[in-house]
Amino acid sequence: MRMLKTRIKEFRAARDMDQATLAGLVGVRRETIGRLEKGQYNPSLKLAMDIAKVFGVTVEDLFSFEE
């Protein structure tokens with residue numbers, strides 16, 4: 001089964017940003033960001049695009065599928 005892999009935590013760490021700050025910037029709860037980072041939640045396209053915009057990267061830079 002293919003799993004969604006995310007690099008959100010890596011991009012946050014590079015900017016010294018906590019989950020709550022990112023959550024506030026994209027309009028979700030901190031828990032949502034935590035679940036995304038743990039692979040427990042698949043984001044909507046809008047949320048994925050909003051997060052990518054915060055970091056100035058593409059959705060493909062943030063998310064990928066792995067077997």
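Helices (H or I, at least four residues) and strands (E, at least two) are DSSP runs, numbered from the N terminus. The chain has five helices and two strands. This is a predicted model: local features need pLDDT of at least 70, side-chain atom pairs count only at pLDDT 80 or more, and totals for chains, interfaces and linings use all residues. Residues are numbered from 1 along each chain as its sequence is written, and side-chain values use heavy atoms, with hydrogens and water left out.

**Overall fold**
- From the N terminus on, the order of elements is β-α-α-α-α-α-β.
- The C-alpha atoms fill a box of roughly 30 × 20 × 20 Å, taken along the principal axes.
- Of the 67 residues, 33% count as buried (under 20% relative accessible area, 1.4 Å probe, protein chains only).

**Helices H2 and H4**
- The axes of H2 (residues 19–26) and H4 (residues 45–55) come within 10 Å and cross at roughly 115°. Axes are lines fitted to C-alpha atoms, for helices over the stretch in contact, and angles run from 0 to 180 degrees between N-to-C directions.
- H2 and H4 are therefore roughly perpendicular to each other (65 to 115 degrees).
- Leu 22, Leu 25 and Val 26 of H2 make the contact with Leu 47, Asp 50, Ile 51, Val 54 and Phe 55 of H4 (contact means heavy atoms within 4.5 Å).
- The residues of this contact divide into seven nonpolar, no polar and one charged. Ala, Val, Leu, Ile, Met, Phe, Trp, Tyr, Cys and Pro count as nonpolar, Asp, Glu, Lys and Arg as charged, and the others, Gly among them, as polar.

Methods:
Parallel < 35°, antiparallel > 145°, perpendicular 65-115°, else oblique. Buried < 20%, exposed > 50% of the residue type's maximum accessible area, 1.4 Å probe, protein only.
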